[in-house]
Amino acid sequence: MKESLAMQNLPPYLFARIEKKISEAKEQGIDIINLGIGDPDIPTPRHIIDRMAQSIYDPANHQYPSSVGLLEYRQAVAEWYKRRFDVDLDPKSEVVSLLGSKEGIAHISFAYLDQGDISLVPDPGYPVYNIGTLLAGGKSHFMPLKEENAYLPILEDIPAEIARAAKLMFINYPNNPIGVVADLPFFEKVVEFARTYDILVCHDAPYTEMAFDGLKPLSFLQARGAKEVGIEFHSMSKTYNMTGWRIGCAVGNAYAVEVLGRFKSNVDSGVFQAIQYAAIEAMRGPQDCIDNANAIYTERRSIALAGLERMGWKVKPPQASFYFWAPVPKGYNSASFAELILEKAGVIITPGNGYGEYGEGYFRIALTVGKERMQEAFDRMYAAIGRVDF
Ligand SMILES: *Cc1c(COP(=O)(O)O)cnc(C)c1O
């Protein structure tokens, strides 16, 4: 009764070692500041909670929901896309609800890949692109994201035989873990590439609303022809501080939306309708919660930038998302530096190699603790390591 080969072959859990250290430190009563988790600490806005509270009493919401989502939910998504991106979506055929976007990102591989089929996956990247591919029996071809290329994959570097064999391409802007955005010419190149090689583009876009300095990140679907080749995953999680509620959507190419919806109708039964009503409220209600959250992240970003500069880093602050991506000092790798910071400062940072081979030599900081704790984290780090060399 052994687990499947796909399970056995999953890459080792890179955070295991650091998690052991965290629990040891906690047992010793050490006060840990966690800059590791990308989970908003700001509560869900009150009007969204109120809508949930009302909806939960309605018996109509106690039954199985439709697996693709309430039409009203899909309409609200379409309206939101029109308002925010000027993208037209048919709520009936081009929108499907998800139990959080992670669910759809993992399942798209099951809906599209046969044994040995290839996904093109960014490295560093959110681990689910590769893991979903592996669990579905596929193989990942990694596309390095390098600083000298503005952390965009170089499509010309993908060998033609790999591109011909690939069925899916995952991209993610604003990017986790790097915090950069993509421009329209890049998205248009991706559309061309996907057309040439008959690839479904899966753009993971949970951070389009979390941006700094007034920047408005783009939807992939704003690129001409994008809907012919791709879908976009979106989520209430980060935009409305709703990570615990589990609701998102996939939008775009009608065939892909139908395939994913059909797959899901066989494995889950949709999102609790009261949560769908809360999400409708989120999308249609007042949007000032987004500006408020961004103002909070902007303040924390300044603290992180000043803290890093004081220790000798020359880093570009993130343009969007709520992550700082920075190189480790000379003499360390991602894991040893994260361990040092945990042991000497009681601060958790995420080792970059957890996001892939090209993340080695970097670490990630999440701006998801309050500004006093943030400041304390950097004061402790400065006290522990002082100024560092690169
Ligand atoms: C947080 C996150 C998600 C998942 O969000 P959910 O909608 O909560 O499942 C997807 N992709 C990236 C890159 C993320 O950081």
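A backbone N or O atom of Lys102 lies 2.9 Å from an oxygen atom of the ligand, a polar contact in the sense of a pair of N or O atoms within 3.5 Å. The model is predicted, with local features requiring pLDDT of at least 70, side-chain atom pairs counted only at pLDDT 80 or more, and totals for chains, interfaces and linings using all residues. Residues are numbered from 1 along each chain as its sequence is written, and side-chain values use heavy atoms, with hydrogens and water left out.

- Helix H5 (101–112) and H10 are the elements that give two or more residues to the shell around the ligand, and H5 has the largest share, with three residues. Helices (H or I, at least four residues) and strands (E, at least two) are DSSP runs numbered from the N terminus.
- There are 15 residues around the ligand, and Asp204, Tyr207, Ser235, Ser237 and Lys238 come nearest; a residue counts as near if one of its heavy atoms lies within 4 Å.
- By class, this shell holds five nonpolar, six polar and four charged residues. Ala, Val, Leu, Ile, Met, Phe, Trp, Tyr, Cys and Pro count as nonpolar, Asp, Glu, Lys and Arg as charged, and the others, Gly among them, as polar.

**Second largest pocket**

- The second largest pocket has a volume of about 430 Å³. On a 1 Å grid over the protein atoms alone, a pocket is an open set of points with protein on both sides within 12 Å along at least five of seven lines, whereas a cavity is a set where a 1.4 Å probe fits but cannot get out; lining residues have an atom within 4 Å of a point.
- Volumes are the space filled by probe spheres set on the points, which are joined across faces, edges and corners.
- Its lining comprises 22 residues, with Glu147, Tyr151, Ile178, Val180 and Lys316 nearest the centre of the pocket.
- Strand S9 (residues 323–327) gives the most to this lining, with five residues.
- The lining of this pocket divides into 16 nonpolar, two polar and four charged residues.
- Domain 1 (5–44 + 288–385) and domain 2 (46–284) each supply at least three residues to the lining of this pocket; the domain bounds come from an automatic or database domain assignment.

**Cavities**

- The whole structure contains two cavities of 30 Å³ or more.
- The largest cavity holds about 70 Å³ of space, and its lining includes Trp80, His234, Ser235 and Met283.
- Helix H4 (71–85) provides the largest share of that lining, three residues, and the lining divides into seven nonpolar, three polar and no charged residues.
- The second largest cavity holds about 30 Å³ and is lined by Tyr173, Pro174, Val181, Ala182, Phe187, Pro217 and Leu218, giving seven nonpolar, no polar and no charged residues.

**Backbone geometry**

- Most residues other than glycine have a negative phi, and most peptide bonds are trans.
- A cis peptide bond joins Asp123 and Pro124, with omega about 5°; Pro124 lies in the loop between strand S3 (118–123) and helix H6 (128–135).
- The peptide bond from Asn176 to Pro177 is also cis, with omega near 15°, and Pro177 is in the loop between strand S5 (166–171) and helix H8 (184–197).
- Ala150 has a positive phi, near 55°, and is placed in the loop between strand S4 (139–144) and helix H7 (160–165).

Methods
Polar contact = N/O pair within 3.5 Å; in protein donor to acceptor, adjacent residues only side chain to side chain.
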